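Subject: Handover of a structure and its findings

Dear colleague,

Please find below the structure that I am handing over to you. My notes on what was found in it follow directly after.

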Amino acid sequence: MKNALGVLGGMGPLASQLLYRRITEKTMAMKDQDHIDLILLSHATMPDRTEAILSGETQAVHDLLLQDCKTLELLGCKGIAVACNTAHYFIHRFEEQLNIPVISMIREAAEELAKTRPCGRIVILATDGTIQTGLYQEALKGKGLDAWIPDCEVQQAVMNLIYGCIKKGQPSDEDALKRIDEGVRAAGCVGALLACTELSVIGREMKLDEFYLDPMEVLADRVVSFMDKELRKA
């Protein structure tokens, strides 16, 4: 299948299906044939990205992600979207070895924030791995934005939502989400970045307000445009 979109997913599976759904919902289409040709490579057995980063044992994940991207390239994809924020730590390090572009969720989210919230503190809600890599801190700083990292209590609550709820297929912890919300607003943040695709799942489930920016939503918008399709009006 030539000129399809490649989606590298499975990290986790619920987040991957949500990205596919949002791309489909955002595409202006009157029939099946108006939609985007898409190949989803769901690599659910990929080792945990955060664990690899925190342990310093990153080579195996790096090699597997590169292999998956090369597979999508060989299958005829014209571009790749990755349904995992933390995986971008590895992707950004080898994307120049690819012959097709990666539509970076990190860079696109930073670009969107620069347009919509150019002033004020933005909190990054993400895995410990994403926080440690500085992926979003660097991207936001590059756009002149003030990135804020949660304190230990809030970060622990974020990790529990990701690993204790969504990745285990359990309902979201509404009390934990309330503590996170109160903590970041009390810190004077003007917005929060849902910088983990499991948090994107929670965002849709809990119908979070506009205080929260979801990079997956931004990525879905950019993908539709990249594939030369018209965005459906909200």
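Contact, as the word is used in this email, means heavy atoms within 4.5 Å. This is a predicted model, in which local features need pLDDT of at least 70 and side-chain atom pairs count only at pLDDT 80 or more, while totals for chains, interfaces and linings use all residues. Residues are numbered from 1 along each chain as its sequence is written, and side-chain values use heavy atoms, with hydrogens and water left out.

Leaving aside residues up to four places away in sequence, serine 200 touches Leu18, Leu194, Asp214 and Met216. Its relative accessibility of 1% makes serine 200 buried, where buried means under 20% relative accessible area, exposed over 50%, and partly exposed in between (1.4 Å probe, protein chains only).

Domains and core

The protein chain is divided into domain 1 (4–104 + 218–227) and domain 2 (106–215), with bounds that come from an automatic or database domain assignment. Taken over C-alpha atoms, the centres of domain 1 and domain 2 are 20 Å apart. Across the boundary, 27 residues of domain 1 are in contact with 28 residues of domain 2.

A nonpolar core is a set of buried Ala, Val, Leu, Ile, Met, Phe, Trp, Tyr and Cys residues joined through side-chain atoms within 4.5 Å. The largest such core has 83 residues, of which Leu65 and Leu125 touch the most other members. Both domain 1 and domain 2 give residues to this core, so it lies between them. Leucine 65 touches Leu8, Met11, Met46, Ala87, Phe90, Ile91 and Phe94, again without counting residues up to four places away in sequence.

Aromatic rings

Rings of Phe, Tyr and Trp (its six-membered ring) pair if their centres lie within 6.5 Å; planes under 30 degrees apart count as stacked, over 60 as edge-to-face and the rest as tilted. By this rule there are two aromatic pairs. Tyrosine 89 and phenylalanine 90 form an edge-to-face pair, at 5.1 Å centre to centre and with 80° between the planes. Tyrosine 89 is buried at 19% relative accessibility, and phenylalanine 90 is buried at 2%. Phenylalanine 211 and tyrosine 212 also form an edge-to-face pair, with 5.2 Å between the centres and 80° between the planes. Both phenylalanine 211 and tyrosine 212 are buried.

A charge sits over a ring if NZ of Lys or CZ of Arg is within 6 Å of the ring centre and within 35 degrees of the ring normal. The charged end of arginine 185 is placed in this way over the ring of phenylalanine 211, 4.0 Å from its centre. Likewise, the charged end of lysine 167 sits over the ring of tyrosine 163, 5.6 Å from its centre.

Salt bridges

A salt bridge is a side-chain nitrogen of Lys or Arg within 4 Å of a carboxyl oxygen of Asp or Glu. The count by this rule is 16 salt bridges. Lysine 167 takes part in one of them, with glutamate 198 (3.5 Å, N to O). Glutamate 198 lies in helix H10 and lysine 167 in the loop between helix H8 (152–165) and helix H9 (174–186), so this pair ties together parts that are 31 residues apart in sequence. Glutamate 198 is buried, at 3% relative accessibility, whereas lysine 167 is partly exposed, at 34%.

Salt bridges that share partners join Arg21, Arg22, Glu25, Lys26, Arg204, Glu217 and Asp221 into one network. Arginine 21 and glutamate 25 form a salt bridge whose closest N and O atoms are 2.7 Å apart. These two residues both lie in helix H1 (residues 13–26), four residues apart, about one turn of the helix.

Glutamate 108 and arginine 222 form another salt bridge, the closest N and O atoms being 2.8 Å apart. Glutamate 108 belongs to helix H5 (residues 105–116) and arginine 222 to helix H11 (residues 215–226), so the pair ties together parts that are 114 residues apart in sequence.

Backbone

A cis peptide bond, with omega about 0°, joins methionine 11 and glycine 12. Glycine 12 is in the loop between strand E1 (4–9) and H1.

Yours sincerely
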